Amino acid sequence: MAEIEFDDVVKRYPDGFEAVKHMSLGIRDAEFMILVGPSGCGKSTALRMIAGLEDISEGDLKIGGEVVNDLAPKDRDIAMVFQNYALYPHMTVRENMGFALKLRKAPQDEIKRRVDEAAKTLELEQHLERKPANLSGGQRQRVAMGRAIVREPKAFLMDEPLSNLDAKLRVEMRAVVSRLQQRLETTTVYVTHDQTEAMTLGDRVAVMRAGILQQVDSPRELYDNPRNIFVAGFIGSPAMNFFGGAIDGNVIHTPMGAVPLVDALRRSLESHSSGRKDVIIGVRPEDFEDANFAPEGHEGWTFEAPIELTESMGAEIYAHFDFDSDAELESEELRELQEDAGTSDVPSSSSGHAVARVDAGSGVTAGQRTKLWLNTEKIHVFDPSDGHSMTRVSDNVGAA
Amino acid sequence: MASVATTPKPTTTTPEVAKKRKARPAGPKTPWWMWIVIAAIVVFCLFPFYWLINISLKTGNDLLSSSLFPPNPTLDNYRSIFKNPDFTKALRNSAVVALSTTVLALMVGSFCAYALARLKLRGKGVILAIVLTISTFPQIAIAAPLFKLWSDIGLFNTWLGLIIPYLTFALPLSVYILVSFFKEIPRDLEEAALVDGATHFQAFRKVVVPLAAPGLATAGILTFIGAWNEFLLAVTLTSSSKARTVPAAIAFFTGATEHEVAYGSISAASVVISVPLILLVLFFQKRIVAGLTAGAVKG
């Protein structure tokens, strides 16, 4: 049990590339911290630095208050679950799980007791004498987890542990991991590129991009109050819709018309600018609704849009619609976000297109114009120059 | 009555079912002429060895007979060579020299190969190329200088005097084989061991080496065969049964008179020293079968 602290940590490779740039992050004792971001954002490097598998170029890394920069992995008392499990193929499941204890010269009967206990937790009892080659993917994954928990380490490090499982098993294992962490109350750092895992598992989520920590917050806070365009676009599926617009006094000009600003939004925007200003507007798909199903008690704006495509999910319908965009949507941040998502060359992902998540009872059909409703309380406004949110309530990035 | 689609009950895999599945032919049937070709190759390869056994079972005038089977098979040749102290001592020398060479080559070679396979080292390719080049040097080039040097420093006619030059060809070979095996082992496994609390050496010994066992077996067998069969240096660098190995000792076998060539005992001795190699290869054949790393990472 221990807290982990990054204090201005830099990872620089010999060729000068900085994988992690001045990262400061405090992970509390018994906390489940998720590091999430697109591939190559430095999240795995950060995890490997905690494990001691990567050197730290600058700054301090503390585990349990002690600087561990120069400590070998074996002296850090942390357990790691690898993406490809890294089970020792020449050992049985029992030997795999007991390997760390054996290295520590724990007595035989204690090793046996603890391995049996972990196997019971993970329902691996009948597989203990088998070799990893004879196990299914899900079983191997559980052995890898078991190898970590028998050690009762200071912290668990997990490097995309579920990404090799098929979709159904992944959902199951997600629950197993979550339950396990809650029961053991061990500090856990979990790396993933899957924002669903990030949202469902973590006490707090740290979003990274290009080696820089973007925002550290609870999943709810990340979703409701993203600090910048990147976080807003990365968290949430389907992703937030962005379009160009402008604020001018009490109204915000959007492709859907000049929408009056609600008081709360207006107040937070006033601190940023006065007069007319070009902005990027972000609206989550669920903040659109079929006008006939518009919820009571919210300020809204109704507009008409041509539905281009509908995707029925059963419980809801994703309605893709086009809008006329005269404001050119230009932002460095947005372009990078699309590149990270691999959709920069998909025409529909650029401006002029949005997704609404409407009620399943809605009669939206492709090719028809439909009245849609926009929840104006939930509009996000971003500054196109630096991508920062202008509507975010508080700003406390990286605070422990 | 509404018809409802029924799902066929899944059949469980019983041993009988598994047998049936395996029984399916893996590919086209081997044509008859292929068997003739195979037989021809087998005879071509094994006949010389058979002839060696044939001769080793003959004595006296029978040695001149060219019949396919020895007219009066006898084990006299075998009895005589095992009574000959020159031969039994040579057997011991061979065993000591070949085994020591193998063990040393595997130990030093695996450290060296591990470094070459894992460390970020500039000029790795060059080092590996040099290592391989050394093993191609003709031994006769070093035989004479070594004879002089060994005489001067007292290594002439000793076990160590043979083991050291043998390592010059054994090491490059084992390094070369082991580098490719070590490279195959996923790095994650070592990292897992390190995080599990192993030192670098423990990770090497308990995870890497067991997984590279097929490579170690291959390198070990080739080294052992090379050292066991070596003749030129063995003849040059030994002078008595104190250190002379079997291939050299056989060359000094004499018949009843000095001018008679002892075909019978030479053949018997040749058969005797072939047997360990054959057993070795048969025994380790299973180890060489790959697939030991199966299941290490996601399959």
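These entries record what I looked up in a predicted model of chain A.

**Overall layout**

I began with the dimensions: the C-alpha trace of chain A spans about 75 × 45 × 40 Å along its principal axes. I then turned to the secondary structure and found 10 helices and 20 strands in chain A. Of the 400 residues in the chain, 44% are buried. I also looked up the contacts in chain A with a separation of 6 or more, and 72% of them join residues 24 or more positions apart.

**Sheet with β1 and β2**

I next traced an open sheet of 4 strands in chain A, with the order β2-β1-β4-β5 and antiparallel pairing. Its edge strands are β2 (18-27) and β5 (66-67) of chain A, each pairing on one side only. I followed β1 (residues 4-12) of chain A against β2(A) and noted an antiparallel pair with 6 bridges. Within this pair, Lys11(A) lies opposite Val20(A) of β2(A).

**Sheet with β12 and β13**

I then examined an open sheet of 5 strands in chain A, ordered β13-β12-β11-β14-β20, where the pairing is again antiparallel. At its edges I found β13 (257-260) and β20 (380-382) of chain A; each has a single partner strand, so one side of each is left without a neighbour in the sheet. Ignoring direction, neighbouring strands of this sheet are turned by 40 degrees against each other on average.

Which strand did I find paired with β13(A) over 4 bridges? The partner is β12 (residues 251-254) of chain A, in the antiparallel sense. For a residue-level position, I noted His253(A) opposite Ala258(A), the latter in β13(A).

Key: Residues are numbered from 1 along each chain as its sequence is written. Chains are lettered from A and ligands numbered from 1 in the order in which they are written. This is a predicted model: local features need pLDDT of at least 70, side-chain atom pairs count only at pLDDT 80 or more; totals for chains, interfaces and linings use all residues. Two strands pair if DSSP finds at least two bridges between them. Helices (H or I, at least four residues) and strands (E, at least two) are DSSP runs, numbered from the N terminus. A residue is buried if 20 or more other C-beta atoms lie within 10 Å of its own, exposed if 12 or fewer, and partly exposed in between; C-beta atoms are placed from the backbone. Two residues are in contact if their C-beta atoms, placed from the backbone, lie within 7 Å. Axes are lines fitted to C-alpha atoms, for helices over the stretch in contact, and angles run from 0 to 180 degrees between N-to-C directions.
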